[in-house]
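Visitor: Could you walk me through a few spots in this model? I'd like to look at the structure while we talk.

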Amino acid sequence: MTSTQQTSGADRRRWFALAIVMTAAFMDLVDVTIVNIAIPSIQRDEGASFGQIQWITAGYALAFAAGLITGGRLGDIHGRRRLFLLGVGGFTVASALCGLAVDPAMLVAARILQGGMAAMMVPQVLSIVHATFPAHERGKVFGLFGGVVGLGAVSGPLLGALLTEWNLFGLEWRPIFLINLPVGIAAVLLGRRYITESRAPRALKLDLVGVVLVTLGLLMLLYPLTRGRELGWPLWGHLMMAGSLLVFAALVAYERRKAARDGSPLVELSLFRVRSFAAGIAVQTVFGVALGVFFLVWTLYMQIGLGWSVLRAGLTGVPFSIAVSMAAAMSVQFLVPRFGRKVLQAGALVMGLGVLLYIWESDRYGMAIASWQMALPLVVMGAGMGLIVAPLTDAILSEVPREHAGSASGLINTVQQMGNALGLGLVSVVFFGQIADRLAPAQVGPAFVSAFQYALWWVAGVMGVIFLLMAVLPKRPAQHVEGGAELPEGEREPELVS
């Protein structure tokens, strides 16, 4: 074989590998958004309680958050290709269990498994890209990856709406999960052939105790939040939530000892001495809470409150997704380089303005509100969100020492998912808590509309808090992290394995 043929074969293999990992990333991104739009259909068809509805989404986010850093480290130690294939295979099996669930409890359990498998799969994606492509090509590849992220955000709700509305083979909402099966099987088969194995030459050790403490603390906080209303807020629920603070305190103490003993804690606590990082982590967490609250109550408001079809609800959200994608691109390419931190602060204010506009329109038009009347507040909210999400990570990392940039990036992704899970748990307080236990059919719509407006006031308040926290972020992202920092947890400089 000539050198030209060898180069051509290697080139073809790496582009196949890129297509495979991006398809898997797209599958995960779509799965997060596709479920929200189908939640009312699941609730109606399966007779799920409101607490179970929350756990269908919060369980996934919690398992994903708890396993992200560990998933990355397992890839560093045992090989990114191996962990990617295990994650995709497990995600596919979990998707099948979701689609075949016989009751809400089985669906919740399958979603938790799905989140755990995503935590094995997702951290390997950029690592494999880093191992497969030379430095001069990565900019183009990461640009493609950004496009995949945007496409997932836009297409997820619409695809979920179409699959649910079509009721394929009489399966109702189940195809939103079963569609992952052919994609996942193809990714496993092709990944075995085309993805090159790689490992980190200096992988950190696992911190399973840290993972257990984080998961336990979140469960002790979230479970009483989601179940408390249905059970009449029992004493044990309050004790569990108070006890979660003790668990988090134990986590901090253990991580300090772990860092001193072997230098491989789950959470690098020294990062929180960097003021901009601590504030940025707070922004990321609180922003995740706001998004967790909004997206669940939004779909319940449209489909149960207003009685809209799942397809109409999905189409109504398209302007929001497009606005997010367009504003994110403008934010990174043009606005942040010129105006710095002010762009993120403007994003918080714009998104808050959109929320207030939505409250006003919902109150003015009530049950008679039309999709086109929602377009303006949704576009304003989407524009504000886009100004925040794209540049936020760089702003948080800009003052972090280079040797800790990988740990910091992994922690950013983790707290975002934790905030999302916490927001989903709070829905029982800020939304369901405003709805009476027993409603006549004629009362359901007005009750859901009123609860939606109440929840949006909370979201608006959260955006105000985010605006204030952003004042601690650097005025302009420093250049030393961009292009020179370590990759996130699970995305270290690879050691190729033949």
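Visitor: What does Ala 451 touch, leaving out residues up to four places away in sequence?
Guide: This is a predicted model, and in it Ala 451 touches Val 430, Phe 431, Gln 434 and Ile 435 once residues up to four places away in sequence are set aside.

Visitor: How far is Ala 451 from Phe 431, in sequence and in space?
Guide: They are 20 residues apart in sequence, while their C-alpha atoms are 5.2 Å apart in space.

Visitor: Where does Ala 451 sit, and is it buried or exposed?
Guide: Ala 451 belongs to helix α16, and it counts as buried because its relative accessible area, 0%, falls under the 20% cut-off.

Visitor: Staying with α16, how does it pack with α13?
Guide: The axes of α13, residues 341–365, and α16, residues 441–469, come within 9 Å of each other and cross at roughly 165°. That angle is over 145 degrees, so α13 runs roughly antiparallel to α16, and the crossing of the two is left-handed.

Visitor: Which residues make that contact?
Guide: From α13 the contact uses Gln 345, Ala 348, Leu 349, Met 351, Gly 352, Val 355, Leu 356, Tyr 358, Ile 359, Ser 362 and Asp 363, and from α16 it uses Val 449, Phe 452, Gln 453, Leu 456, Trp 457, Val 459, Ala 460, Met 463, Ile 466 and Phe 467. Sorted by class, the contact of α13 with α16 has 16 nonpolar, 4 polar and 1 charged residues.

Visitor: Ser 362 is in that list; is it buried or exposed?
Guide: Ser 362, which lies in α13, is buried, with a relative accessible area of 0%.

Visitor: Switching topic: at what angle do α3 and α7 pack?
Guide: Helix α3, residues 80–99, and helix α7, residues 180–194, pack at an angle of about 160°, with their axes 9 Å apart. Since this angle is over 145 degrees, α3 is roughly antiparallel to α7, and α3 passes α7 in a left-handed crossing.

Visitor: Which residues meet there?
Guide: On the α3 side they are Arg 81, Leu 85, Val 88, Gly 89, Phe 91, Thr 92, Ser 95 and Ala 96, which meet Asn 180, Leu 181, Gly 184, Ile 185, Ala 187, Val 188, Gly 191 and Arg 192 in α7. By class, the contact of α3 with α7 has 8 nonpolar, 6 polar and 2 charged residues.

Visitor: What about Arg 193, buried or exposed?
Guide: Arg 193, also placed in helix α7, is exposed, with a relative accessible area of 56%. Its C-alpha atom is separated by 9.5 Å from that of Phe 16, which is 177 residues apart from it along the chain.

Visitor: How do α12 and α14 cross?
Guide: The axes of α12, residues 318–339, and α14, residues 371–397, come within 7 Å and cross at roughly 40°. That makes α12 oblique to α14, and their crossing is right-handed.

Visitor: Which residues meet, and how do they divide by class?
Guide: Pro 319, Phe 320, Ala 323, Val 324, Ala 327, Ala 328, Ser 331, Val 332, Leu 335 and Val 336 in α12 meet Leu 378, Val 379, Met 381, Gly 382, Ala 383, Met 385, Gly 386, Leu 387, Ala 390 and Pro 391 in α14. The residues of this contact of α12 with α14 divide into 17 nonpolar, 3 polar and no charged.

Visitor: Last topic, backbone: what is the phi of Asn 167, and what of Trp 233?
Guide: Asn 167 has a positive phi of about 50° although it is not a glycine, and Trp 233, likewise not a glycine, has a positive phi of about 50°.

Visitor: Where are they placed?
Guide: Asn 167 is in the loop between α5 (135–166) and α6 (175–178), where it is partly exposed at 30% relative accessible area. Trp 233 is in the loop between α8 (208–231) and α9 (235–262), and it counts as partly exposed at 36% relative accessibility.

Conventions
Residues numbered from 1 in each chain as written. Predicted model: local features only at pLDDT ≥ 70, side-chain atom pairs only at ≥ 80, totals over all residues. Heavy atoms only, no water. Axes fitted to C-alpha atoms, helices over the stretch in contact; angles between N-to-C directions. Helix = DSSP H or I, 4+ residues; strand = E, 2+ residues; numbered from the N terminus. Parallel < 35°, antiparallel > 145°, perpendicular 65-115°, else oblique. Left-handed = near helix turned anticlockwise from the far one by under 90°. Contact = heavy atoms within 4.5 Å. Nonpolar A, V, L, I, M, F, W, Y, C, P; charged D, E, K, R; others polar. Buried < 20%, exposed > 50% of the residue type's maximum accessible area, 1.4 Å probe, protein only.
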